[in-house]
Structure formats: C-alpha cells, structure tokens
Amino acid sequence: MDHSTDWINVVFGLLFASGGAAIVIFYMRLYWFRRAALARGLMAEARCVQTFETEERDSDGDKIRKLHMILAFRTRDGANVRLERIVSVHATTGVHFVGDVVPVRYLPEHPERATVTAPGAGQESCVMGCGVVIGLLLACAGLFGAAVQFGFAP
C-alpha cells in the first residue's frame, strides 16, 4: 500500500471522529439546555392547538409515521410562542390532542425552546443519551482508524 492511501485513510478517520464529536456536542447542548430549563425555567401552560401526521420512508423503504403536535403558550412578558413536538404515532406517552393543556418550562431568553414537563417527556432524554453514545462510538472508531494508519495501535 502506498503512502497516499495511508494519508487518505488518516484524513477519513479524523473526519469520522470529528463527525462523531459534532454529534456528541449537539446532543449535550440539547441536554444542558433542557436541564437548565427544568431547573430554573419559568412555568407556563401550553395548549395543543394542532396535530397532524406525516409519513416518511426509511432506508429500507418502510413507512415511518410521525405525529406532530403544535403547542402554544404565552410568556410572562406577553409574547406568544409556538413549538412543535414530534413522536411516533405508536407512542403510548407524550401524545397530546387538540385542546390538551401541557405544562412547559422555558428560559426567558429562549422561550421558543420550551421543554415539556408532562409525563412522557423523558423520552427526549433517552434520545439525547442514545445520540451521545452513537457520537462517542463514531468518534472512537474514527480515532482508532486514524491511529492504526499512523502506526500507534496494534
């Protein structure tokens, strides 16, 4: 194998690692923001004003149906805010219907990123945790691949 292939593999491994790191940073920022909103955010009662379903296809061609819920609330300073929650149509928790009152917490500087505090909202933490794990695995795989090309690993 020539040296140009080695460098291409090193660059590819480092790009893979940086992509994994970006995923970790993205999900950790979501987690920290959610945690801050729950810890020191202002309470509000949002109302579900609209629900609708969308359908997509995954890489295998199978249908994925999602339920979108539009929640609206008014901040303490009078601003109207809308946010969207998306869950699987098969979800048993976290589903809201038009007219439902949904408790939320928001940071005054970012009310558009309000966090639902109702039962079923814990699914978001699970998704964030899975995203962090996947990002870490990608980053480690990329670093290991680059290290092998540099001759640092067995």
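In which sense do strand β1 and strand β4 pair, and over how many bridges?

**Figure 1. Pairing of strands β1 and β4 in the predicted model.** In this predicted model, strand β1, which covers residues 42-57, pairs with strand β4, which covers residues 101-107, in the antiparallel sense and over six bridges. Within this pairing, V104 of β4 is the residue that stands opposite A44.

**Figure 2. The hairpin made by strands β4 and β5.** Strand β4 is joined to strand β5 (residues 110-116) by three bridges, and the two strands run antiparallel. They form a hairpin in which two residues lie between the strands. One of the bridge pairs is that of L107 with its partner in β5, H110.

Figure 3. In one of them R65 pairs with E53, and the closest N and O atoms of the two side chains are 3.0 Å apart. Because R65 lies in strand β2 (residues 63-74) whereas E53 belongs to strand β1, this pair ties together parts that are twelve residues apart in sequence. R65 has a relative accessibility of 36% and therefore counts as partly exposed, and E53, with a relative accessible area of 46%, is partly exposed as well.

Figure 4. Side chains of opposite charge can pair when their charged atoms come close. K63 and E55 meet through their side chains in a salt bridge, for which the N to O distance is 3.8 Å; E55 counts as partly exposed, its relative accessibility being 49%. A salt bridge also links K66 to E56, and here the closest N and O atoms are 3.5 Å apart. Since K66 lies in strand β2 and E56 in strand β1, the pair ties together parts that are ten residues apart in sequence. K66 is partly exposed at a relative accessible area of 27%, and E56 is partly exposed at 38%.

Figure 5. When residues up to four places away in sequence are not counted, A114 touches F73, L83, V104, R105 and Y106.

**Figure 6. The whole chain, as context for the close-up views.** The protein chain has two helices and five strands, and along the sequence these elements follow the pattern α-β-β-β-β-β-α. Buried residues make up 31% of the 154 residues, and the chain exposes about 9900 Å², of which carbon and sulfur atoms supply 61%. Among contacts with a separation of 6 or more, 60% are accounted for by residues 24 or more positions apart.

Key:
Residues numbered from 1 in each chain as written. Predicted model: local features only at pLDDT ≥ 70, side-chain atom pairs only at ≥ 80, totals over all residues. Heavy atoms only, no water. Pairing = 2+ DSSP bridges. Helix = DSSP H or I, 4+ residues; strand = E, 2+ residues; numbered from the N terminus. Salt bridge = Lys/Arg side-chain N within 4 Å of Asp/Glu carboxyl O. Buried < 20%, exposed > 50% of the residue type's maximum accessible area, 1.4 Å probe, protein only. Contact = heavy atoms within 4.5 Å. Areas by Shrake-Rupley, 256 points an atom, 1.4 Å probe, with all protein chains shown as cover.
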